[in-house]
Structures are given as structure tokens and as C-alpha cells.
Amino acid sequence: MVTPPVSLGTAAGFAVLAASTVTNTGATVINGDLGLSPGTSVTGFPPGRVNGTQHVADAAAVQAQNDLTAAYNDAAARPATATVPTELGGTTKTPGVYDSAAGTFGITGTLTLDAQGDPNAVFIFKAASTLTTASASSVDLVNGAQACNVFWQVGSSATLGTSSTLRGSVLAQASITVTTGVTVDGRTLARTAAVSLDTDTITRPACAASPHNAYVTNLFDGTVSVIDTATNAVTATVTVGDGPHGVAVTPDGTHAYVTDEWDGTVSVIDTATNAVTATVTVGSGPFGVAVAPDGTHAYVTDEWDGTVSVIDTATNAVTATVTVGNSPHGVAVTPDGTHAYVTDEWDGTVSVIDTATNAVTATVTVGNSPQGVAVTPDGTHAYVTNSGDGTVSVIDTATNAVTATVTVGNSPQEVAVTPDGTHAYVTNLFDGTVSVIDTATNAVTATVTVGDGPFGVAVTPDGTHAYVTDEWDGTVSVIDTATNAVTATVTVGFFPVGVASS
């Protein structure tokens with residue numbers, strides 16, 4: 001289970017926020033805003049310095065306190081994933097939500113927070129009463145952990161010992177006392193009482209932007225090329241199984257699932273290290289793969305078996321095998337996670353799987369030799385490419401009826417819908433083009449010339465670019481979706497087919 005961060009709302013802009021008073025002694029430095037509400041007394045600045053704005057009993061401070069209350073209640077309501085001893089010093093904690101049987105937390109020595117390679121990993125510590133850190137104690141972050149994702153929910157008051165270092169945001173019900181020479185890489189946010197400072201440094205944290213990548217399967221190399229979408233440079237080449245074809249990235253971006261068509265396996269790549277951490281045996285000829293929106297399951301089409309293998313991503317074990325039509329190729333999961341749509345190439349149909357029961361609940365007749373499938377972000381329609389007749393079938397997911405048929409290029413293969421749902425991008429294998437469909441009218445509004453043998457297509461999460469694999473060129477064409485012009489061509493491995501973006 002992925003732990004989401006605590007949303008601080010407008011309180012996120014503050015390094016210090018209090019209710020009654022803010023007092024300071026000495027040359028404290030606050031990097032971020034300082035706020036106070038409903039109190040009006042802020043003392044000690046100067047000699048203290050605020051590298052930000054002071055909001056004293058103004059509308060911004062009132063709103064920040066309201067948002068702090070919401071954040072505090074959110075953190076307090078989170079179910080604990082582990083109950084640990086009061087003393088955190090000398091221990092290493094992995095992502096999760098922690099409380100203690102005594103209702104208090106203390107840090108003597110060093111507490112290490114290990115993100116295990118996930119820069120989005122969240123740590124929440126819930127103290128029913130107090131948080132007390134000893135002199136010279138510290139919280140260290142390793143393996144991608146970030147202070148912006150660490151939260152200390154304190155039921156009464158927090159006291160930070162002299163010359164100590166704390167990382168994360170303190171959300172205290174009452175007061176926060178920051179003694180002499182403390183460094184806080186985070187925030188001190190007090191709901192009902194004071195924040196007291198003494199020659200300290202408090203820096204509002206900012207999360208480093210996670211890198212965005214495109215993952216490209218190279219069928220004849222047995223590799224996956226990793227493209228940094230900011231630079232369009234190949235930053236890694238990962239060896240996987242034999243005949244890698246489909247690829248899908250988990251919603252949190254931590255893993256990529258790759259179908260090894262000729263091995264009958266799925267390789268699981270840790271995207272932080274670009275190492276294969278698991279190999280899952282599935283059916284014969286695994287072709288397409290899609291991950292559920294909640295990240296809990298991966299759905300793999302087994303082309304030669306006429307089945308779909310369902311992988312539990314927590315254990316990387318196959319928990320179900322669903323019989324569908326002949327030669328299943330593409331697969332897409334609806335945004336609500338309730339259904340998976342699977343193209344049955346030899347049958348000219350799409351099988352609809354109820355993901356709660358893993359039963360096929362509908363079979364939809366589409367065009368000749370259906371290949372790829374994509375569901376719109378609002379879940380209302382599925383777009384299916386029919387390579388045998390150069391069309392795209394549009395399925396109304398409420399009725400599972402085909403409501404439109406769109407003529408595109410020669411041998412359409414894969415399809416991707418933009419995050420805003422306004423356009424579908426379709427690769428035309430034998431034309432060397434991509435057809436752009438306006439989903440409001442189901443008309444082709446642009447045809448983009450790319451490389452030779454375009455097959456796979458993926459749109460970046462921000463919707464600004466489409467990445468297209470050119471099988472016979474060994475390249476990836478990058479399309480600017482605002483202009484539908486190719487702005488970059490990236491050389492990858494031998495016979496690139498699948499592509500996914502994170």
C-alpha cells in the first residue's frame with residue numbers, strides 16, 4: 001500500500017506557523033514564510049531573519065491555520081502500519097505510518113529514514129502526546145528520502161534539543177520549542193500555541209522533481225531503453241528477458257512491468273536503480289501489459305494461450321488466469337479499476353473483464369484484427385485499433401457498444417489517449433505515420449510522419465509529447481502534441497516495439 005503525503009494546503013508555504021506567539025532569541029534564520037494567527041505578537045526579528053513574508057493575523061495566516069488543522073486531522077486519522085517503541089534513535093525506518101504504544105516519540109542519536117529508492121516515499125510519525133529530541137540528535141535521509149515527505153503529528157507539544165537536526169514538518173496541537181542551534185529541514189507548525197526559537201535555522205523543504213522517463217522495449221535485443229524525456233537522451237539500457245514486447249509503469253512510477261514474449265515471463269524493473277528485481281512466469285507469448293490505477297495488479301495478455309494473467313504487484317505472483325478470445329494483444333484498465341479491455345486479434349473482438357471477479361462479462365465485436373486499446377481518462381470510451389481494415393473502433397463503456405468507426409492509416413497498431421482526453425494518437429505501421437483523432441468528433445485532425453514502422457505510442461503524463469517507436473529504424477520519434485511536429489528522434493535498440501511513459 002502506497003502512503004500518500006499529507007496535504008498542507010497553504011500552510012506548505014510557511015516554515016514557521018503559530019497560534020499565540022512567535023518568539024526568537026539570537027540569529028535565527030527562517031527560509032520560508034512566518035505566520036501567526038489569531039495572535040499578534042512576533043518578537044526577535046531582528047536579530048532573527050525571515051527570508052520570506054511575515055503574515056501576522058492576516059487572511060493568509062488565518063487560511064494557513066485552517067489548512068494546518070485539516071492536515072493535522074488527516075495525519076492523526078491515518079491508520080498505523082507499525083507500532084514501534086518510543087525511542088526512534090538508533091533505528092532505520094522504511095516508508096509508512098508509525099505510532100507508539102506510549103503515545104510519545106523521542107530521538108536520541110540518529111534516526112535513519114530509508115526511502116528504498118522511491119523519492120515519493122512518505123513517512124508519518126503519530127505521537128498522541130509529545131515529541132522530544134535529544135541534544136545533537138539527527139534524522140538522516142537515505143536512498144531518495146525527502147524532507148518534504150516526512151510528517152510529525154504531535155498530540156500536544158514538541159521540543160527539539162540543542163544542536164539537533166530534524167527533517168520533516170512538525171504538526172503540533174500545542175507548542176513547539178526549538179532550543180539553541182537547531183536545524184530543521186522542514187516546518188514548525190503549531191495549531192493552538194507558540195513557536196519559540198533560539199539561534200536556529202528552519203528551511204521550508206521542497207520536493208525534488210522526480211525524473212520523467214520513457215521506457216522502450218527492444219524486441220531483438222532483449223533490452224529496455226530508458227529515455228529521459230527532459231533531454232531525450234538514453235540514460236540506461238536494462239537487460240530483460242527474451243523478446244520484450246509490452247511495457248507498463250506503475251502509477252507511482254517505481255516499477256516497470258515488461259512482457260518477455262519468447263520466455264513466457266514478465267520482468268519487473270525497479271525504476272530507481274534500473275535493475276530487474278523480479279521475473280514472473282505467466283502464460284505463453286505474453287504480449288501486452290497494463291497496470292491497474294491503484295497499482296495493485298498488472299494484467300498481461302498471453303497471446304498463444306488465449307488468456308490474461310493477473311499479477312499481484314505486492315508479491316509479483318500470478319493470482320488469476322482469465323480465458324479470453326483468440327490471440328489477445330492489447331489490454332487497458334478503466335480509470336476506476338473495475339474493468340479491463342482486451343483485444344482478441346483472431347476473433348475480431350474485445351473481451352471485457354470484471355476485475356473484481358476476473359470474469360469476462362462482455363465480448364464486443366470490433367473491426368478486423370484488433371491490436372491496441374486505450375480507455376479515455378473519464379472512462380467513458382475505449383479506442384481500439386483494427387490493423388486489418390485501417391480503422392479505430394470507439395466503444396461506449398457504459399453499454400459496450402461500438403458507437404463510431406474512424407478511418408486512419410494502413411495497419412494501425414497501438415493507440416494512446418492524452419491525459420485531458422481530447423485526442424487519441426494512433427500508429428500506422430505500413431504508412432510511417434501517426435493519426436491524431438479529435439475524441440469530441442472522432443475525426444482525424446492531423447497525420448504526422450514519423451520513422452519507419454511505427455508501432456508503440458505513449459503520451460507523457462503532462463500531455464505535451466507523444467513517444468512513438470519506429471520498429472524498422474531502431475528509433476523513437478517524439479511528437480510535440482501542441483504542434484503535432486516531430487521535435488526529436490532518439491536512437492534506441494534493435495526493433496523497438498513497446499513504450500510507456502512516467
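**Sheets, disulfide and local backbone**

Visitor: Which residue stands opposite Ala256 in S28?
Guide: In S28, Ile269 stands opposite Ala256. Strands here are DSSP runs of E with at least two residues, helices are runs of H or I with at least four, and both are numbered from the N terminus. Two strands pair if DSSP finds at least two bridges between them.

Visitor: Before we continue, what sort of model is this?
Guide: The model is predicted: local features need pLDDT of at least 70 and side-chain atom pairs count only at pLDDT 80 or more, whereas totals for chains, interfaces and linings use all residues. Residues are numbered from 1 along each chain as its sequence is written, and side-chain values use heavy atoms, with hydrogens and water left out.

Visitor: Back to the strands, then. How many bridges join S27 to S28?
Guide: Strand S27 (residues 255-260) and strand S28 (residues 265-270) run antiparallel and are joined by 6 bridges. They belong to an open sheet of 4 strands in the order S26-S27-S28-S29, with antiparallel pairing.

Visitor: Which strands stand at the edges there?
Guide: Strand S26 (244-249) and strand S29 (275-281) do; each has a single partner strand, so one side of each lacks a neighbour in the sheet. From one strand to the next, the twist averages 25°. Such angles are taken between N-to-C directions and run from 0 to 180 degrees, with axes as lines fitted to C-alpha atoms (for helices, over the stretch in contact).

Visitor: And the sheet that holds S50, what is its order?
Guide: The order is S25-S24-S23-S50, an open sheet of 4 strands with antiparallel pairing. Strand S25 (233-239) and S50 are its edge strands, each pairing on one side only. Neighbouring strands are turned by 25° against each other on average, direction ignored. Strand S24 (residues 223-228) runs antiparallel to S25, and 6 bridges join the two; Ile227 has Val234 in S25 as its bridge partner.

Visitor: Ser501 sits in S50. Buried or exposed?
Guide: Ser501 is buried, because its relative accessibility is 18%; buried means under 20% relative accessible area, exposed over 50% and partly exposed in between, with a 1.4 Å probe and protein chains only. Ser501 lies in strand S50, which spans residues 496-501. Neighbours within four places in sequence aside, Ser501 is in contact (heavy atoms within 4.5 Å) with Asn213, Ala214, Ala458, Val459, Thr460 and Pro461.

Visitor: New topic. How many disulfides are there?
Guide: The count comes to 1 disulfide, where a disulfide is a pair of cysteine sulfur atoms within 2.5 Å. The disulfide joins Cys148 to Cys207, with S to S 1.7 Å. The pair links distant parts of the chain, 59 residues apart: Cys148 is in the loop between strand S15 (138-142) and strand S16 (150-154), and Cys207 is in the loop between strand S22 (201-203) and strand S23 (213-218).

Visitor: Why is this disulfide right-handed?
Guide: The torsion about the S-S bond of Cys148 and Cys207 is about 95°, so the disulfide is right-handed. Cys148 is buried at 10% relative accessible area, while Cys207 is partly exposed at 42%.

Visitor: What about Asp354, which residues does it contact?
Guide: Apart from neighbours within four places in sequence, Asp354 is in contact with Thr338, His339, Ala359 and Thr361. Asp354 and His339 are 15 residues apart in sequence and 4.8 Å apart in space, C-alpha to C-alpha. Asp354 lies in strand S36 (residues 349-354) and is partly exposed at 21% relative accessibility.

Visitor: Turning to the backbone, where are cis peptide bonds?
Guide: One joins Ser37 and Pro38, with omega about 10°; Pro38 is in the loop between strand S4 (33-36) and strand S5 (41-43). The peptide bond from Phe45 to Pro46 is also cis, with omega near 0°. Pro46 is in the loop between S5 and strand S6 (49-51).

Visitor: What is phi of Asn400 and of Phe495?
Guide: Phi of Asn400 is near 55°, and phi of Phe495 is near 65°. Most residues other than glycine have a negative phi. Asn400, in the loop between strand S40 (391-396) and strand S41 (401-407), is partly exposed at 22%. Phe495, in the loop between strand S49 (485-491) and S50, is buried at 15%.
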